[in-house]
Amino acid sequence: MKEYKTKEQKRKFYNSYAWAKLRKQIYERDKECQECKRNGRVALDTYELSDNGRKVIKLVAHHKKELEFHPELALEPSNIEM
């Protein structure tokens, strides 16, 4: 099993094709902040452009159980939410 303890290991994972593909699936599945939803609020992935024209992301797909401590769940959709 891979480890994700160092910044370099985590960066390599988060720049991988597998993570990008899964992240896209999570955006399509969730469409809104799940923490906000649990608390009776809604936060959609609306975005603005920064001064240099790049998208400013409001919502980020993330692991519920931290990648560093649960590498076996790195690509498990049930462990990832917006």
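Colleague: How far apart are the mean positions of the positive and negative charges of the protein?

Modeller: In this predicted model, the mean positions of the 19 positive and 14 negative charges are 3 Å apart.

Colleague: Thanks! What makes Trp19 count as buried?

Modeller: Its relative accessibility is 2%. Buried means under 20%, so Trp19 counts as buried. Phe13 is buried as well.

Colleague: And why is Tyr14 called partly exposed?

Modeller: Tyr14 has a relative accessible area of 32%. Buried would need a value under 20% and exposed one over 50%, so Tyr14 is partly exposed.

Colleague: Good, now the rings. How many aromatic pairs does a search of the whole structure find?

Modeller: The search finds 4 aromatic pairs.

Colleague: Why is the pair of Phe13 and Trp19 called tilted?

Modeller: First, the distance: the ring centres are 5.5 Å apart, and rings pair if their centres lie within 6.5 Å. Next, the angle: the planes of Phe13 and Trp19 stand at 45°. Stacked needs under 30 degrees and edge-to-face over 60, so this pair is tilted.

Colleague: What makes the pair of Tyr14 and Trp19 edge-to-face?

Modeller: Here the centres are 5.2 Å apart, with the planes at 80°. Planes over 60 degrees apart count as edge-to-face, so the pair of Tyr14 and Trp19 gets that label.

Colleague: Which residues do ring pairs link into a cluster?

Modeller: The cluster consists of Tyr4, Phe13, Tyr14 and Trp19.

Colleague: Lastly, what pattern does the protein follow along the sequence?

Modeller: Its pattern is α-α-α-β-β-β-β, with 3 helices and 4 strands.

Terms used:
Residues are numbered from 1 along each chain as its sequence is written. This is a predicted model: local features need pLDDT of at least 70, side-chain atom pairs count only at pLDDT 80 or more; totals for chains, interfaces and linings use all residues. Side-chain values use heavy atoms; hydrogens and water are left out. Helices (H or I, at least four residues) and strands (E, at least two) are DSSP runs, numbered from the N terminus. Lys and Arg count as positive and Asp and Glu as negative; His and the chain ends are not counted. The place of a charge is taken as NZ of Lys, CZ of Arg, CG of Asp or CD of Glu. Rings of Phe, Tyr and Trp (its six-membered ring) pair if their centres lie within 6.5 Å; planes under 30 degrees apart count as stacked, over 60 as edge-to-face and the rest as tilted. Buried means under 20% relative accessible area, exposed over 50%, partly exposed in between (1.4 Å probe, protein chains only).
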